[in-house]
Every structure is written in structure tokens, then in C-alpha cells.
Amino acid sequence: SDSKSSKSPLYTPGDDMILTNQTLCNKVIPYPRQALCDLIGQSSLISVDHETAMKGHGVVLKFLMTGLLQGLLSPITVIRMCPPLTTKNWNIYKPLLAVGSQHGSVQVVNMSSGQVEKEYSVHTSTVRGIEWASLASFMSFSYPKPGASGHVKNEIFLIDTVSGKATAVRTQRDQEPHIEMLRVSHLRQYFTLAFKEKPLELWDLKTLTILREMSSKLPLPTAMEWSPSHNLKALRKKLQQQSTQEPGVGLSGLSTGDTGAENSDSISVTSSDNAVSDPKTLGKISVKEHFVFTDSDGILYHFLVEGNSFTDASKIPPESGMGTITWLAWKGDFIVFADADGQICLWDLKAKQARNNSTHRGWIKKIRFAPGRGNYKFLLLYNEGADVWDINEGKPELLSSIKSPKEIPKIVDAEWVGSDRPLFATVDGSLHMMDLTLKKASFSIEELELAEDLTSPYLMSSKPMFLMKHLLQHQKWANMYTLSLSGLRDEDADVMAAVNKNLSLIDPDLTEYLKNCRFGTAERCLLTARLYGDESEVRFWTVALYYMRSGRAQPITKSSSCVFAKQDGGDVFLDPDNSKSYDLGDLEGQGLGSSSWTQHKDQPLERCFDFLCDNQSYKRYQLDRVALHDSKRVSVLHTRKCAESYIMLGQTDRAVQLLLETEPDSEGYYVDCLRSCLVASVRSSGASQSTIKLVATNLIAGGKLIEGVQLLCLIDKGLDGCRYLQTYGAWEMAVWLAKCTLEYTECCEVMKRWVDHLSNTHTNQKSTAVLVLLSLGYFHKVIEMLYGMRQFNRAACFIEAATEFGLLEKNEENSSLIEAVFLEYARQLSNLGHKQSAVYYCGLAGKKGEQLCQEIEILYA
């Protein structure tokens, strides 16, 4: 077909279309590609044209980038929140945070979704400060670390977040003192620049031209701020007068003239009939604004700016008890001063009063007022933490405090995200959005406003997440498998809606395949585990599905498992307990086709499963690994290690060759020569085996465990070697030797002892023990251990999967265990509020299930 002939070069040999269970559906359904292994790895299922798939075709494996998810850059140097939400901008507002980094990049983070929306690499050195010029643009400045002269090359950019355009400001400047402060006026008309040892500059924000440079007679500012108050009544009169003289010009988008003007975005004059405004008219309109700064003596200087005019309005003497002012903040009728000694001074301009308070926390680095009209909470940032204060009846009151790095990593910068959400940037590159108590910095992901709906179970709360998992895994209680949840109580209507919404967001390829899974419950559980990103579940069901499929030809008992081998050049199944072999034709007669047999033989478990692979595959992996080490030998010790591995793997000829390569001047030359003679001659001498065994035992008793085990391997006493290794605590080495050298029954003995070791309270690795039992085919033991670990969901699904494969039948021996699993699973489903499934499993749980069913009926009555 056309789909087969147009394969992407990303796919490996194999067919995109997977044959589903013909008893369920007589059509071909595409296998869902959930993970990278589905794209660049051969499918573990049966392909339609298997012979063609096995022959393969030329493939170039590639990683194709389809998107890039960028996290926050680290280390963070500065953060700045965009202008706050108002009644004028609510329809276009986005809560954007500009984050500057030490590498010169500025990221824009949407705080409602928690995603990095944009990133700008405009600076060549550390970003020192950021100020927003509007809702869609911000200014940032940067300079490198000053050298011996103290002069640097300052960089200032105005960045438009809509177009991405970055406009450089003050480009024709050479080496100069570095910028200390950049402040943008509240009406976004002007901005000021303060330098280390240079007079302050006033700039026009709209034209990006300098208006004035302060006189050198004025002192250098230590703190600076623009006034949030202004008079727009005079501007309205001007516009009204101009509109009568020039029809078509009106007023739109102006903020109110009260003290809440810190929420205003910018001034815009537009035509009343939606025509374009006259640029000449716009150029003539300006609003008077105020700004203040303090000098090193604490004197406050007040200036008026209107158009190109610049007026020195007043000079106010310093407040008594205050040191050098490090920061000042102005909101409404209140100005807050902070000094290097931890003192704050609150000026009430309306009541004409001043109050001093001591924080007792040292140098105050920053003050930020919270947004919102009438909200006078403010944030103080110190070297060792932060405080939240509030102005109550003209008096500052401490609300909460946090210490750094004791309670939070060292704080780099602080900001307000909302009226009650302080935000801290820390040295570890994280943003911490706190509550007003500064005690809680986490919130549910359900509170985020994502740009689009995402398919992730972890975006739901626990109850709907587990309900969706049970629904995807199996639906034995229903007549037909359907991805729609119903039958919950009225109080769980929101839970049902959440589950159905997330089910509708799942990839259609996956939902279609789930309805017609070839391998039933086991495969559905595997696909669900991948969807949930549950690594433990993925490993369990991958191993379980592999060994369940391998046991379809000959049912696995409690003490046996089917393995593959070659006999007289042909492929056969071996049953280790009764030594029976099954020819390929016999297997076809039992319902296992040639394509299924060939694929299972050629597709073992991935190497990452290590000890869980079948013995033949595992030995082949280890031989490949030793051969790789052999090809990369660089030292005598490396060569000796390879030789020892070859001895234990039974590759004596290659081991002798490596031992004979030892140089005569080497310290181990004589010993290696003797070892090579021993390895070469031991098979031809049967009388020497008792001597070798005695020597090996003495070596082990003398602390040379590996050397003794190697001698035991030479005389085919690998089982004894494994027992010694286990006795001395070398469990993984014992398993390695058993799977590589022993017959299946002997290997099972070693593996069972390892399971007991993993299951004891001291080791406590029961999850690994369950996987080992799966690889041995001891399914009854698997159920017992899952029940003991209280993994009732996994145990119930495993019972159903094993029953579907014909590997488990309920009898007197296992009925009590199976009923106990189903009883606990029914209780679990009842707690989740799903009555239909709970009642179904109560019916499988015997008499105790009947009692629980009555309780459920009463509960849901």
C-alpha cells in the first residue's frame, strides 16, 4: 500500500500497521507511537508482513527536533513584573514576568501558565535591571564587571514582546561609569538614568532621545522614583479645545487622575471615528509628571517634567535618624524610605506626618509596593531574607518574614505577581511564588491557566486520575470497552467530567488501539503505564507481557518456564522440567504461527532489563560485552580482567590467548603462564578435578573468592561457585554466573535464593523480586508478593491477564488468594466511587465479597 512505501527514515525495519486480534476485529489498526522506542525501535508485536520486516531495509536513525521546551536560565540576576491588571487593560492583559540572567538573556514568563513564552539574547554581559515601558515592551540594561578604571560599556535595549524588535538606546557612547538605576515614569512618557559617577539623564521614552542632562552641581542620586500622581484634567481640557479646533480628535484610554495611576499603562490619543490620529497633534500633547531622588546625605530633591521643560521644584531636608537612603517607593499618599542600617521611614503626604521604624535586619536592598488601588502592602528585601509590611491607619506593620538561606535559598530579587502574591528569585535559578505568610510556595497545577488543554493524568487530582487509570486498563464489568466514565454519584459529577475531558484529549491512535488490543489486559496496562509515565508499571508489564507470550505454547507451572534453544540446527521449545522439546510444526498446531515464533525468538527483552532477560539472550549479551572490552584493552589489568571473564563464560581458548600475552617483565608473568597451562589442560584430565576443587575451596576460605570461583567454573562446578558467591554476599555476581553458565533448573535454584534475599526486611527490594519471579514464570508467587505489598490494582490486572493467556486457573490451592485480591480491589474501587466495577469484583471475591457488596448497595442507595 501507499502507507508502506512511504516510510519515514526515522522508523526502523518493521511495519507501521499491527494485526489486531481477529476474534475482536477483522481490520488493521496502527500501533500507537507513545515513546521514542516506538519510533526508532522495532515493535515487539507481530507485524503484518513479518518476513519483509525481518529482512530489513536501509535505515538512517535520526533525532528530529519538533519543538524546544526551555526552562529558566540560571543564574537569575533580576526580575520585573509587567504593569498590573486594570479595568482598562483586562481584555488584553497577560501576567508577564521579565527574568534577566547572568548570560545576558531576558526571558518572558507567563505567570498564569508557568511557561517561558519568549527569550531574548540581546546583551553581551549580565543583565542588571529591567523596567517595563508598556504591557508589551520593556527596557533592560547591562554592563560587564568594571575593570581597574571603573568604566564600562553600558548597553540599553527597548524590546517589543509582540514583534521581537530590540532597539538599542544610547548607542554612541564609549567607556563611562556604569548605570545604577533606570526608572520609567508611570505614564510611560519619560525615563531617567542614574550613573555611578556621572550626572543623571532624562530621556523621552517615545522618541528615545535625551531631553536633559542634570547639572554636575547636583549630587548623585542614591535612590530615585517617579510620582504616581498627576493631573489629567488639564490634559482633557487641552484635548477638548483641540478637538473643537480640529474635528476628529478625541480622548481614549486615559487613566484616572487620582493616586491610583500606577496601574495606568500608557497615554494614547485616538480618533473618535476610528481614524488615525494626527502625529503633529500627538507630539504637542504632554502631561506634567514628578520624580524625586535622594542624595548621600538623605536630602530629597523634587523635580517637575512637562514636555521639554524641566523644573527644580523643591528640596526637602533629611529625616532625623535615617542613614544613607538605599531605596524609596511611592504609592498614593505614601512614600517609604529605606536606608543601609535597616531603618524605614513612612511619609504620609496627606496627613503630613513621618514615622520611623527599625527592621533590625540590616541593609534594605529593595522596596516594592503590591499592585491594586488601596492596597498598601509592601515588600522589603534584605541580604538575608525578606519582609511583608502593610500600612494600617498611617502606620507600617510587619505581616510576615522569611530568612534566607535558612528557610529559602538566598534571594536574588523580589517582586509582586499579584496583590497578595510575593515572588522571589533565588540563586538556584528558581522562582518562588509565596502567599502573604511567606510559608507556602507551592500550589496545585490545576490553578495554572494553560494555553491549551494537555493530556496528562498528573494535571488532575488523585481521585479522577486513578479512576481514569482503572478505566483504561480493563473493563471486565462492562459489555463493551468504552472510553467514557459514567455511573458515579451526583456529588462526583465534577470528577466524572474531569475524567471524560482527559479521555477525549488522548491521541486517537491510542484510543482506537486500546479498544482492540491483541494481548488484552496486559498490553492495555502497559500502554496505560506509558501514558502515565509510571516507570515501575512499565517495567512490570513489559516483563510480564514478554513471559506470558513466551508461555502460550506450553502453560507455565509454579516450577518451570519455557525457553528457546537450538537443537541439531533447528529451533525448538524446551521444557526444563520434563526435558520435552516441541518442533516448530507442533507449535503451529497449538496456535502459535511461524511469524509469532520467529519474532519472539529474534526479539528478546531489551538489554536494559539485564538479569530479567532469558538465559540464552543474557549470555549472548555478556559475550558481546566481554568482546567489546577485549577489543579496547589498554593495560595488563584490563587484559587479565577479560581473561577471567572468558574463563567463567567457558571461552577457554580465548582466555589462554590473553593470558599468554603477559609480558615477561610483568609481575604476574609466571602466575599467568601457570594459569594458561591449567586452563588449557583441565578438560583433558579428569583425575585433577578433585584437586582443583580442593584448591578452589581453600582459596575461597582464604579470601580469594573470585579466583576460587574461576577454578570451579573450569571443572563445570558453576552451581557450587554461585552458592559460594551468595554465601559471601556477592549476589549479583552469582546471578551473572548462573544465567551465563548453568542449566535452567540450576539457574532457577540460584535465582530463587536471590528472590528470598531481595524480599527480606533488611534488603527490602520487593519490586525487583517481583520482576525476577516474573522472569522465572512463578506467577502464583508474583500474585502473593503483590498482595503482600498492597498493590491490589496490579495484582488484579495480573490475574486477569494470566487467565486470558491460559496460564492461571482458579482452583482450591489459589482460590483464597485470588478472592482476597479481588476483595481488596473491589474495596478500592468503591472508595473511588465507581459502583459498577466494585460490585463486579465483589462477585469474584467469594462470601466476603457478598458481604462487601451489600455494604456498597447500602452506601449507594
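**Note on strands, cores and salt bridges in a predicted model**

1. In the hairpin of S13 and S14, which has 5 residues between the strands, Arg188 takes a positive phi near 60°. Strands (E, at least two residues) and helices (H or I, at least four) are DSSP runs, numbered from the N terminus. This is a predicted model, in which local features need pLDDT of at least 70 and side-chain atom pairs count only at pLDDT 80 or more, while totals for chains, interfaces and linings use all residues. Residues are numbered from 1 along each chain as its sequence is written, and side-chain values use heavy atoms, with hydrogens and water left out.

2. Strand S13 (residues 179-184) runs antiparallel to S14, and 5 bridges join them. Two strands are said to pair if DSSP finds at least two bridges between them. Leu182 has Leu193 as its bridge partner in S14. S14 is also joined to S15 by 4 bridges, again antiparallel. S14 and S15 form a hairpin with 5 residues between them, and Thr192 stands opposite Leu202 in S15.

3. How many residues of strand S14 (residues 190-195) are buried? The count is 6 of the 6, so the strand is largely enclosed by the rest of the structure. Buried means under 20% relative accessible area, exposed means over 50%, and partly exposed lies in between (1.4 Å probe, protein chains only). Tyr190, Thr192 and Ala194 point one way from S14, and Phe191, Leu193 and Phe195 point the other way.

4. Elsewhere, 4 strands form an open antiparallel sheet in the order S21-S22-S23-S24. Strand S21 (325-331) and strand S24 (353-358) are at the edges with a single partner strand each, so one side of each has no neighbour in the sheet. From one strand to the next, the twist averages 15°; axes are lines fitted to C-alpha atoms, for helices over the stretch in contact, and angles run from 0 to 180 degrees between N-to-C directions. S21 is joined to strand S22 (residues 334-339) by 6 bridges, and Leu328 stands opposite Phe337 in S22.

5. The largest nonpolar core has 124 residues. Such a core is a set of buried Ala, Val, Leu, Ile, Met, Phe, Trp, Tyr and Cys residues joined through side-chain atoms within 4.5 Å. Helix H25 (residues 815-832) gives the most to this core, with 9 residues. Leu472, Phe540, Trp541, Met548, Leu774 and Phe798 have the most contacts inside the core. Leaving aside neighbours within four places in sequence, Phe798 is in contact (heavy atoms within 4.5 Å) with Phe540, Trp541, Ala544, Met548, Leu774, Phe779, Val782 and Ile783. A second, separate core of 26 residues includes Met111, Tyr120, Ile130 and Leu135. In soluble globular proteins, nonpolar side chains tend to be buried together.

6. Helix H13 (residues 615-631) has 17 residues and reaches 24 Å from its first C-alpha to its last, close to the 24 Å expected at 1.5 Å a residue. The expected span is 1.5 Å times one less than the number of residues. The buried residues of H13 include Asn615, Tyr618, Gln622 and Val626. Among the elements covering the buried residues of H13 are helix H14 (636-648), helix H15 (652-659), helix H20 (731-741) and helix H21 (744-759).

7. There are 27 salt bridges in the structure. A salt bridge is a side-chain nitrogen of Lys or Arg within 4 Å of a carboxyl oxygen of Asp or Glu. One of them joins Glu201 to Arg173, with the closest N and O atoms 3.5 Å apart. Glu201 lies in strand S15 (residues 201-204) and Arg173 in the loop between strands S11 (166-169) and S12 (176-177), so the pair ties together parts that are 28 residues apart in sequence. Glu201 is buried at 0% relative accessibility, whereas Arg173 is partly exposed at 26%.

8. Lys439 and Glu407 also form a salt bridge (3.8 Å, N to O). Both residues lie in loops, and the pair ties together parts that are 32 residues apart in sequence. Lys439 is exposed, at 61% relative accessibility, and Glu407 is partly exposed, at 42%.

9. A further salt bridge links Arg489 and Glu491 (3.6 Å, N to O). Arg489 is partly exposed at 25%, while Glu491 is exposed at 54%. Shared partners also join Arg170, Arg173, Glu176, Lys198 and Glu201 into one network of salt bridges.
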